[in-house]
Amino acid sequence: MGNLPKELTLNICHQDQVLQVPEGAKVYAKSDFCENAGFYIKDKVLTMQAHPEFLVDFIEALLTARRDLTIPKEFVDPALLKLEAEPDSLQSSQFAETIRQFFLR
């Protein structure tokens with residue numbers, strides 16, 4: 001996971017979280033909301049809370065559809081504003097390459 005920058009911007013849309021990682025797991029990603037946002041176990045298991053497959057158009061539609069139904073507007077509105085202001089800030093392609101390299105080892 002050494003090819004990842006110190007900070008990475010990906011789409012995250014989740015409620016459930018891993019609260020305790022399994023023995024031998026190495027946490028490689030965390031956020032203010034989720035302490036175990038991603039971990040791996042040797043070269044066999046790779047997990048992530050983020051959705052690198054969710055591109056900007058999809059996440060905008062998802063957030064809009066779920067606004068005040070399952071996600072409070074206090075979370076949706078700032079996220080939509082950030083997507084609008086910085087649509088190129090997502091680093092999904094870079095992370096997709098990390099996933100590919102992990103499984104090619």
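1. Is tyrosine 40 buried, partly exposed or exposed? Tyrosine 40 is partly exposed, its relative accessible area being 22%, where buried means under 20%, exposed over 50% and partly exposed in between (1.4 Å probe, protein chains only). Phenylalanine 102, by contrast, is buried, with a relative accessible area of 1%.

2. On the basis of these values, this is a predicted model, in which local features need pLDDT of at least 70 and side-chain atom pairs count only at pLDDT 80 or more, while totals for chains, interfaces and linings use all residues. Residues are numbered from 1 along each chain as its sequence is written, and side-chain values use heavy atoms, with hydrogens and water left out.

3. The structure holds five aromatic pairs (rings of Phe, Tyr and Trp, the last by its six-membered ring, with centres within 6.5 Å; planes under 30 degrees apart are stacked, over 60 edge-to-face and the rest tilted). The rings of tyrosine 28 and tyrosine 40 have centres 6.3 Å apart and planes at 40°, so this pair is tilted. It links distant parts of the chain, since tyrosine 28 is in strand β1 and tyrosine 40, 12 residues apart from it, is in strand β2 (residues 38-41); strands here are DSSP runs (E, at least two residues), numbered from the N terminus.

4. For phenylalanine 102 and phenylalanine 103, the ring centres are 5.0 Å apart and the planes lie at 85°, so that pair is edge-to-face. Tyr28, Tyr40, Phe95, Phe102 and Phe103 together form one aromatic cluster.

Note on methods. Helix = DSSP H or I, 4+ residues; strand = E, 2+ residues; numbered from the N terminus.
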